[in-house]
Amino acid sequence: MVSIVVFLHGGRPGALWTDYVERAFEQEVHRFNYVSFGAKRRSTPCCASPKRTPEVEAMEMTWAEQQAVEYQKKFREEGIVLGLEKGREQGREQGVRSTLLRLLGQRFGEVPPPIRARVEEIDSLDELDGLVDRILEVKSLDELGLGS
């Protein structure tokens, strides 16, 4: 399937392949490929051009341009919300991981590098929380299931 954009006014004359890329937090999240066809621009306007105001520009926008603007706005807002949620989750996970390592050191002495590495590999907040909850119940690192 090929998406086509036709510019009746403005736009670059001739055919042009374009990649439109949406980014959120420096990551590509959506790519839209299309070919555009622009009509030749007039050298002089056919009628007196009105003062350029946001209202005039909005009226001149095509339906596709309006949809693109709305999509970008919605996508940006959703991206910000998702980014904040993910950041909070990662922050909480790192906080629980740090707490676990600190408690392991207080309870059993210096944490051996293999066990420290195993704790750093855990990417489940539930698993990290479970280990923190069990620290006072176990008698050794082996009982926590972290290996030795």
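Trainee: Where does Phe25 lie?

Mentor: Before the answer, a word on the basis: this is a predicted model, in which local features need pLDDT of at least 70 and side-chain atom pairs count only at pLDDT 80 or more, while totals for chains, interfaces and linings use all residues. Residues are numbered from 1 along each chain as its sequence is written, and side-chain values use heavy atoms, with hydrogens and water left out. Helices (H or I, at least four residues) and strands (E, at least two) are DSSP runs, numbered from the N terminus. Phe25 lies in the loop between β2 and β3, and its phi is near 55 degrees, a positive value in a residue other than glycine.

Trainee: Which phi does Glu26 have, and is Glu26 buried or exposed?

Mentor: Buried means under 20% relative accessible area, exposed over 50%, and partly exposed in between, with a 1.4 Å probe and protein chains only. Glu26, found in the loop between β2 and β3, has a positive phi of about 65 degrees although it is not a glycine, and at 73% relative accessibility Glu26 counts as exposed. Phe25 is exposed as well, with a relative accessible area of 56%.

Trainee: In which order do the three strands form their sheet?

Mentor: Two strands pair if DSSP finds at least two bridges between them. Here the order is β1-β3-β2 in an open sheet with mixed pairing. β1 and β2 stand at the edges with a single partner strand each, so one side of each is left without a neighbour in the sheet. β1 and strand β3 (residues 27-38) pair in the parallel sense over five bridges, and Ile4 stands opposite Val35 in β3.

Trainee: Which residues form the nonpolar patch on the surface?

Mentor: Accessible areas come from the Shrake-Rupley method with a 1.4 Å probe, and for residues only the protein chains shown count as cover. The patch holds Val2, Ile4, Val6, Leu8, Trp17 and Phe37, with about 670 Å² of accessible area together. Leu8 has its place in the loop between β1 (3-7) and β2 (14-24), and is exposed, with a relative accessible area of 64%.

Terms used
Patch = residues over 30% accessible without salt bridge, like charges linked within 9 Å, V, L, I, M, F, W, Y side chains within 5 Å. Salt bridge = Lys/Arg side-chain N within 4 Å of Asp/Glu carboxyl O.
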